[in-house]
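Look over the model below, from its sequence to its fold.

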Amino acid sequence: MIKAHEDYARDAAAQGAKVICFQELFYGPYFCQVQDAAFYEYAEAIPGPTTERFQALAAELGMVMILPMYEKEQEGVLYNTAAVLDADGTYLGKYRKNHIPQVKGFWEKFYFRPGNLGYPVFDTAVGRVGVYICYDRHFPEGWRALGLNGAQIVFNPSATSRGLSSYLWQLEQPASAVANEYFIGAINRVGVEDLGENDFYGQTYFVDPEGKFVGEVGDTHNPELIIRDLDLSLLGTVRDRWQFYRDRRPDSYNGLVQP
């Protein structure tokens with residue numbers, strides 16, 4: 001999987017891509033379909049060996065990279081995390097998945113602690129980049145926090161399977177792009193893996209701050225490299241038209257954060 005994603009990155013760079021995001025937990029299976037402590041071995045430090053390997057590749061290709069990985073902070077303290085690398089190979093930091101599901105086929109509380117780094121946005125060679133991970137997308141507060149922190153593009157690497165979720169997949173993220181006035185890159189796995197019955201439905205896409213898909217939505221069964229041109233000047237146009245940030249009323253929202 002490491003080699004496969006290096007090849008994807010080289011292919012993307014050859015086609016002119018300046019930023020790439022891989023799928024959730026990109027270098028192995030989506031092991032959260034089962035509860036087995038053997039998969040703790042997939043976790044590693046961030047930064048660590050995988051981060052450093054892709055730092056070299058990012059510098060070689062001049063490409064910003066988002067690497068969704070299984071992070072070990074210390075023994076027994078594990079997170080679902082994405083490392084962010086700049087186009088010169090600099091490690092910029094990481095986002096830890098904040099919202100952790102625990103339902104059939106997605107036993108994530110067995111593997112991950114909830115994130116504790118907030119909703120960082122990273123200054124990169126392609127603009128201000130934020131990350132949200134899979135189940136996070138159902139929670140509007142984090143999308144807004146990323147917007148308030150200055151995100152221009154938010155990537156959401158995911159492992160999500162067929163059923164009601166496929167309807168939500170093409171509803172929630174375009175709505176969030178509109179509500180928060182930025183681009184979203186929504187990345188999903190495809191196919192059935194040996195560990196369970198989850199049928200990951202792909203449909204990777206980019207959506208602009210008007211809620212419009214940029215190009216076609218990805219295939220539902222076959223792995224693809226999705227490359228799109230994003231016109232960041234649209235951000236200014238949209239934010240001048242719809243003054244959602246100006247017209248917010250944070251003084252009236254205190255009740256939203258009460259337990």
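In this predicted model, helix α3 buries Gly142, Trp143, Ala145, Leu146 and Gly147. These buried residues have several partners. They pack against strands β7 (121-124) and β8 (127-131), and also against β9, α4 and β10. Just past the end of α3 comes Gly150, with a positive phi of about 100°.

Helix α4 covers residues 164-180. Its 17 residues reach 24 Å from the first C-alpha to the last. That is close to the 24 Å expected at 1.5 Å a residue. Which residues of α4 are buried? They are Ser165, Trp169, Glu172, Gln173, Pro174, Ser176, Ala177 and Asn180. After α4 comes Glu181, and its phi is positive, near 60°.

| Helix | Residue after it | Phi |
|---|---|---|
| α3 | Gly150 | positive, about 100° |
| α4 | Glu181 | positive, near 60° |

Now turn to the sheet. Four strands form an open sheet in the order β1-β2-β3-β4, and the pairing is mixed. Which strands lie at the edges? They are β1 (19-21) and β4 (91-96), and each pairs on one side only. From one strand to the next, the twist averages 35°.

Take β1 and its partner. β1 runs parallel to β2 (residues 64-74), and three bridges join the pair. Within this part of the sheet, Cys21 stands opposite Ile66 of β2.

A helix packs on this sheet as well. Helix α2 (residues 49-61) touches β2, β3 (77-85) and β4. The direction of α2 makes about 165° with that of β2.

Glu6 is found in helix α1, which spans residues 2-14. Is Glu6 buried or exposed? Its relative accessible area is 12%. The cut-off for buried is under 20%, so Glu6 counts as buried. What does Glu6 touch, apart from its neighbours within four places in sequence? Its contacts are Arg53, Phe54 and Leu57.

Note on methods: Residues numbered from 1 in each chain as written. Predicted model: local features only at pLDDT ≥ 70, side-chain atom pairs only at ≥ 80, totals over all residues. Heavy atoms only, no water. Pairing = 2+ DSSP bridges. Helix = DSSP H or I, 4+ residues; strand = E, 2+ residues; numbered from the N terminus. Axes fitted to C-alpha atoms, helices over the stretch in contact; angles between N-to-C directions. Contact = heavy atoms within 4.5 Å. Buried < 20%, exposed > 50% of the residue type's maximum accessible area, 1.4 Å probe, protein only. Expected span 1.5 Å × (residues − 1).
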